[in-house]
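Take a moment with the fold below. We will walk from the sheet to the helices and then to the ligand.

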Amino acid sequence: MGVCEVLKDGDFVTSTHRGHGHFLAKGGDPKLMMAEIMGRETGYCKGKGGSMHIADISHGIIGANGIVGAGIPIAAGAALQLQMSGKDGVVACFFGDAASNQGTFHEALNLASLWKLPVVFICENNLYGISVRQDRHQNITNIANRAIAYGIPGEVVDGTNVLAVYDAMARATKRARGGDGPSLVECKCYRWLGHHAGDPAHYRPAGELEAWKERCPVKLFGERLIDNGIIDEQQSKQVLESAAAEMLEAQAWAAQQPWPLPEKALEDVYV
Ligand SMILES: Cc1ncc(C[n+]2csc(CCOP(=O)(O)OP(=O)(O)O)c2C)c(N)n1
Ligand SMILES: [Mg+2]
């Protein structure tokens, strides 16, 4: 949310295999998103993209991506298109800690920095790639330091603090729009659930999850708004309840939607 709040119409987002939050934050419709996740005809990609390949070009959401690290060069390509057409748009490119080990990350940052492309690389460092903890998949603690190799700014941010994320994104976006090129923003965060629904996540050290749950970004931001007198407890509760109700309504609506017809299976796909 801290990232997408900075973006404007005409800006783009590339996402990951964990992209539903990015999608909603950039303005995607929850009903059409749920229909796509359930493989329905009325979903954003007519049910052919599914959970990991949702796209909504009308909101600048170029696509989630089931291939780890694949969104990074796509973001650089979209930024090149913006630069070549003289538009002042920016691309926000999300990826994970493990994705930053992929060749695509390094190749894309190399060209994006060389050509001063208007892109902000946002690493969601949630400490794990599937079951593999960060200190077992890379020899660094701060992924933002990889920016040094490409001569661009790299910033570590507390990913549980939505305003800190917003500020870092605002700085990076200003730089990108001003023609000074990309930045790398590393958001330190955590994955509450296992890698997927069936993963009991036994690889976590005891107490780790509980400690991160104390730092729930939604809870912390709500408390901050209350402490500063911007909303009261009742309003905070209402916001959370209405968001949950909206998602339940989207889920129920999507479950009633028609399945795609078999004879349309080869439409809109590369064959
Ligand atoms: C190219 C490629 N290699 C491996 C996988 C299998 N895979 C799916 S998610 C994942 C871990 C990704 O970790 P990270 O980038 O940290 O993202 P997170 O899941 O933590 O959000 C892997 C290895 C894949 N989808 N694509
Ligand atoms: Mg990760």
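In what order do the six strands form the open sheet? The order is E2-E1-E3-E4-E8-E7, with parallel pairing. This is a predicted model, in which local features need pLDDT of at least 70, side-chain atom pairs count only at pLDDT 80 or more, and totals for chains, interfaces and linings use all residues. Residues are numbered from 1 along each chain as its sequence is written, while chains are lettered from A and ligands numbered from 1 in the order in which they are written.

Some terms come first. Helices (H or I, at least four residues) and strands (E, at least two) are DSSP runs, numbered from the N terminus. Two strands pair if DSSP finds at least two bridges between them. Strands of a sheet pair through backbone hydrogen bonds, either parallel or antiparallel.

Strand E2 (61–63) and strand E7 (154–158) each pair on one side only. Neighbouring strands of this sheet are turned by 20 degrees against each other on average, direction ignored. Axes are lines fitted to C-alpha atoms, for helices over the stretch in contact, and angles run from 0 to 180 degrees between N-to-C directions. Strand E1 (residues 12–14) joins E2 through two bridges, in the parallel sense. Thr14 has Gly63 of E2 as its bridge partner.

Next come the helices on the sheet. Contact means that the C-beta atoms of two residues, placed from the backbone, lie within 7 Å. Helix H3 (residues 71–84) lies across E1, E2, strand E3 (91–96) and strand E4 (119–125). Its direction runs at about 170 degrees to E3. Helix H6 (residues 162–177) also packs on the sheet, touching E4, E7 and strand E8 (183–188). H6 makes about 170 degrees with the direction of E8.

Helices pack on each other too. H3 and helix H4 (residues 103–114) meet at about 20 degrees, with axes 8 Å apart. H3 is therefore roughly parallel to H4, since angles under 35 degrees count as roughly parallel, over 145 as roughly antiparallel, 65 to 115 as roughly perpendicular and the rest as oblique. Residues making this contact include Ile72 and Pro73 of H3 and Phe105 and Leu111 of H4.

Helix H2 (residues 30–37) and helix H9 (residues 233–255) pack at about 50 degrees, their axes 8 Å apart. That angle makes H2 oblique to H9. Among the contact residues are Met34 of H2 and Trp253 of H9.

Finally, the ligand. Which residues come nearest to ligand 1? Of the 14 residues around ligand 1, they are Val68, Gly96, Ala98, Ala99 and Gly129. A residue is near a molecule or strand if its C-beta atom, placed from the backbone, lies within 6 Å of it.
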